[in-house]
Amino acid sequence: MNAIEVVNLTKKYGSFAAVKEFSFAVKPGEVLGLVGPNGAGKTTTLRALAGIHPPSDGQVRLCGFDIVNDAVEAKKRLAFFPDEPRLFDYLTVDEHLEFTAGIYRVRDFRPLVDPLLDEFELRDKRRALPSELSRGMKQKLMIACGFLHAPEILIFDEPLTGLDPLGIRRMKESITRRAKAGAAVVLSSHLLHLVEELCDTVVIIQDGARVAYGTIDDLKWQIAQGRGGVSLEEAFLKITEKPAEARSTT
Amino acid sequence: MIGAFWFVTTRSFKNRLLQRLRRLRSPRYALSMLAGLAYLWFVAFRRMTMSSSHVSVGALPVSDIGVDILSVIAFGAMLLVWAFPDSGGGLVFSEAEIQFLFPAPVSRRELLIYKIFRQQPPILISALMMTAFGFRHSMFIGLWMAFMVMSIYFTMVSLGRARLKLMHIGFVARLAVVVVLALGTGMLIASDLHNPFANKPEPQSNAQLEALLRGAGSLFHSPFVRAMLFIPRFFATAVFPKDAATLALACVGLLAVGVAFFQLAARLNVSFEEASVHVSQKHQRVRATIWDRRAGRVIILRRARLPVHLTERSGPVLAIVWKNVTAMLRTSLAWMILVVVVFSAFAVDAAILHGSNLHMGVVAISLMFCALFPFIGSNMLRQDLRLDLPRIEILKSYPITGERLVLAEIAGPTITVALVEVFLLSGTAILTHLADSSDAMTRWVSPEFVVIALLVAIPICAIELLIHNAVAIILPGWALQAPDETRGFAVFGQRLLILGGNLIVLVVALVPAVIVFAPTFFLAHRYFQDSPVFLVLGTVPAITVLFVELWIAIHLLGTQFDQIDVAGEIGQAMS
């Protein structure tokens with residue numbers, strides 16, 4: 001069974017369709033990269049996946065639960081990481097984890113806290129308030145909170161923004177480890193080398209519509225047409241420039 | 001370069017104005033703008049037209065005296081800025097201005113010109129507002145010129161202090177000179193003080209008052225004082241001109257003085273860039289702190305925490321209550337302690353005044369405070385959706401329905417207000433019983449009364465909190481204003497509408513409870529007057545109505561919360 005099923009997802013703001021009949025699926029253990037130019041509809045798609053705003057049309061199912069009709073059950077299995085970490089100003093690092101454990105009803109969460117704090121190098125900051133943390137540390141805390149309830153689905157919006165090189169390496173390791181443990185991961189990023197390194201499949205979105213979907217090798221092959229040696233970046237540029245050319249000729 | 005400065009100033013002003021005007025297409029913003037303008041009309045313009053038709057100043061030389069006094073104030077301000085301790089020469093620039101202009105090939109002189117350009121839109125608006133609110137004689141141009149030249153002067157003084165520091169003339173020396181000058185001028189004016197007022201009877205007529213004012217005015221016209229006030233008088237005359245000719249003369253004078261100040265500032269050639277970065281950062285920090293304080297986000301007791309921990313059985317509702325109560329301990333506990341201390345002071349007063357008439361006065365004040373606290377408390381404790389709105393993305397990704405989330409968000413402040421109310425009511429009851437037992441108030445403030453009052457206070461406080469949270473849910477753009485969006489007619493109108501709406505909703509919410517209360521209390525009074533259950537039977541039905549209303553409101557607001565479009569108004573407000 002697919003962990004994430006998106007079928008003909010459409011999100012409209014008034015008459016403007018930010019996402020149009022967008023479909024893809026992610027299996028447990030799979031990492032899917034959502035890439036596209038600025039304003040393509042990536043964040044809108046991820047927010048719809050996380051149940052932050054309801055789709056105008058189409059369906060989003062997480063572990064078999066509809067995000068609109070069975071929102072609570074679907075969200076129990078999900079962790080969403082927005083691009084901008086917005087923490088509670090008046091809770092310490094430790095208390096953020098305690099609060100998250102309460103929200104997701106995590107049984108016996110205390111033994112889980114120290115390994116997470118170690119993983120994200122926050123152990124010596126456990127009594128610090130968000131105002132005492134750098135942006136990168138806030139991002140790490142946000143991710144640590146998301147991992148606490150061992151979610152089956154992880155949704156990242158630009159996960160590496162604000163992290164230092166070591167933080168980026170640890171983040172990549174964390175995502176890979178959780179995917180290997182069976183989590184379905186969707187991540188959006190402009191860093192195509194990261195997508196190439198981490199993702200099994202890629203879906204490219206432009207002007208709210210899906211313009212390419214498949215494994216990275218499939219996409220490269222499709223673009224290279226047997227020539228070989230094409231990077232994901234070249235494939236992406238080739239795919240996303242086509243509609244622009246089409247527009248300029250009409 | 002000046003073309004570029006003109007472009008950025010006018011285009012920014014135009015775009016800001018257009019953005020505000022475009023927002024008026026939304027009925028809620030149009031309504032708030034109308035409310036703001038209506039208030040302005042009633043408070044400023046209408047009063048102005050009424051005062052001009054009914055009140056005449058006649059021949060009194062009020063304008064002359066106004067000019068004299070304002071000249072002295074302007075002189076004082078111009079002198080005082082030299083005594084400011086800062087000597088870095090830093091000028092306030094925005095982060096974008098620092099990033100774009102400081103590394104650009106722009107000379108210091110041009111940076112100063114830019115600074116003057118960028119000061120114009122707020123100066124224009126201030127001058128317009130002040131003209132509307134009463135300084136009509138300046139015909140706007142006088143106020144604008146006065147503000148503009150004064151701002152150039154302040155810039156020059158800021159750089160002047162930095163230049164003096166380079167010449168090893170520090171704060172103490174500057175302060176000493178300013179004090180000597182201020183004292184000298186004051187003494188010169190005071191030495192003439194006996195002349196106009198000596199042996200003068202109290203003015204009985206307009207003529208006598210006129211003579212007195214003319215005498216007072218002569219204080220400022222001795223040769224030395226006239227010389228000291230020569231430049232300040234330009235500012236004062238521009239603000240309080242006698243006629244159009246005086247205004248024109250003052251404006252020309254100010255223009256000449258402004259050019260001179262600018263030339264001086266440019267010639268000082270102080271390296272103000274680094275200091276400006278520090279000053280600008282400090283300015284931003286101060287603004288952020290003021291904003292945080294206003295929003296109730298400033299942490300006072302960093303290490304305060306609840307003595308209980310969450311478990312897996314707690315669930316999302318309790319987790320949110322725990323979070324909000326923890327936040328309250330850190331941000332508002334000090335205020336709560338203040339309330340308790342003030343009340344305790346009342347109690348001590350009452351104990352000291354035991355037996356006197358003042359005792360019952362203190363009790364009456366305590367009772368009034370108890371009645372008001374549910375309303376005050378809901379404004380003091382903002383640790384609910386009002387503060388969580390910027391984190392709405394995360395809130396909406398939690399496995400909890402909107403209804404339960406709204407319930408959880410208002411539960412923390414409600415419980416806290418209820419606990420303080422228990423303390424206040426119990427204290428008041430004890431105070432009352434310390435008084436003369438024959439007093440009617442003593443009979444009323446019984447233990448049953450305390451319980452019933454608390455039962456009434458809890459839903460009323462919850463309703464108040466719900467109304468505040470409803471604004472955050474239904475009108476998130478109004479609740480989530482950025483620090484630089486806190487001024488203007490529309491924002492002022494929003495506040496008026498929220499205040500008015502709050503009152504109306506509260507009254508409407510209380511009406512059904514009052515309708516139920518009247519007959520049930522009458523019946524309880526008739527059949528159970530001497531029974532201890534009288535108060536319970538009389539009030540519980542009304543309290544039940546309030547709780548039912550609360551339940552319906554929480555359900556409706558929860559549904560509304562689920563439908564909030566994060567990308568819409570909230571997204572715009574947060575970006």
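Student: So by class, what residues make up the lining of the largest cavity?
Tutor: The lining has eleven nonpolar, five polar and one charged residues. Keep in mind that this is a predicted model.

Student: OK. And which residues are closest to its centre?
Tutor: Those are A:T100, A:M142, A:C145, B:I394 and B:Y398, out of 17 lining residues.

Student: Which helices and strands supply at least two residues of that lining?
Tutor: From chain A you have β6 (78-81), α3 (93-103) and α5 (135-147), and from chain B there is α18 (392-397).

Student: What volume does the largest cavity have?
Tutor: About 190 Å³.

Student: And how many cavities of 30 Å³ or more are there in the whole structure?
Tutor: The search finds three.

Student: How much area is buried between them?
Tutor: About 3500 Å², with carbon and sulfur atoms giving 59% of that. On the chain B side, B:E312, B:R391 and B:P399 lose the most area to chain A, and together they make up 18% of what that side buries.

Student: What about charges, how many salt bridges cross the interface of chain B and chain A?
Tutor: Six by the rule used here. One pair to look at is B:R305 with A:E95, where the closest N and O atoms are 3.4 Å apart.

Student: And how many salt bridges over all chains?
Tutor: The structure holds 24. Another one is between the side chains of A:R126 and A:D114, at 2.9 Å from N to O.

Student: Where do A:R126 and A:D114 lie?
Tutor: A:D114 is in helix α4 (110-119) of chain A, and A:R126 is in the loop between α4 and α5 of that chain, so the pair ties together parts that are twelve residues apart in sequence.

Student: Nice. New topic: what's the strand order in the open sheet of chain A?
Tutor: The order is β2-β1-β4-β5, four strands with antiparallel pairing. At the edges sit β2 (16-26) and β5 (65-66), each pairing on one side only.

Student: How many bridges join β1 to β2 in chain A?
Tutor: Seven, with β1 covering residues 4-13 and the two strands running antiparallel. For a landmark, A:Y13 stands opposite A:F16 in β2(A).

Student: What's between β1(A) and β2(A) in that hairpin?
Tutor: Two residues, and A:G14 in the turn has a positive phi of about 65°.

Student: Then on to β1(A) and β4(A): how many bridges there?
Tutor: Five, again in the antiparallel sense. A:V6 has A:V60 in β4(A) as its bridge partner.

Student: And over how many bridges do β4(A) and β5(A) pair?
Tutor: Two, also antiparallel, with β4 spanning residues 57-62. There you can find A:R61 standing opposite A:D66 in β5(A).

Student: Great, I'll click through those pairs now.

Methods:
Residues numbered from 1 in each chain as written. Chains lettered and ligands numbered in written order. Predicted model: local features only at pLDDT ≥ 70, side-chain atom pairs only at ≥ 80, totals over all residues. Heavy atoms only, no water. Pairing = 2+ DSSP bridges. 1 Å grid on protein atoms, 1.4 Å probe; cavity = no way out; pocket = protein on both sides within 12 Å on 5 of 7 lines; lining within 4 Å. Points joined across faces, edges and corners; volume = space filled by probe spheres on them. Nonpolar A, V, L, I, M, F, W, Y, C, P; charged D, E, K, R; others polar. Buried area = accessible area lost by both parts, 1.4 Å probe. Salt bridge = Lys/Arg side-chain N within 4 Å of Asp/Glu carboxyl O.
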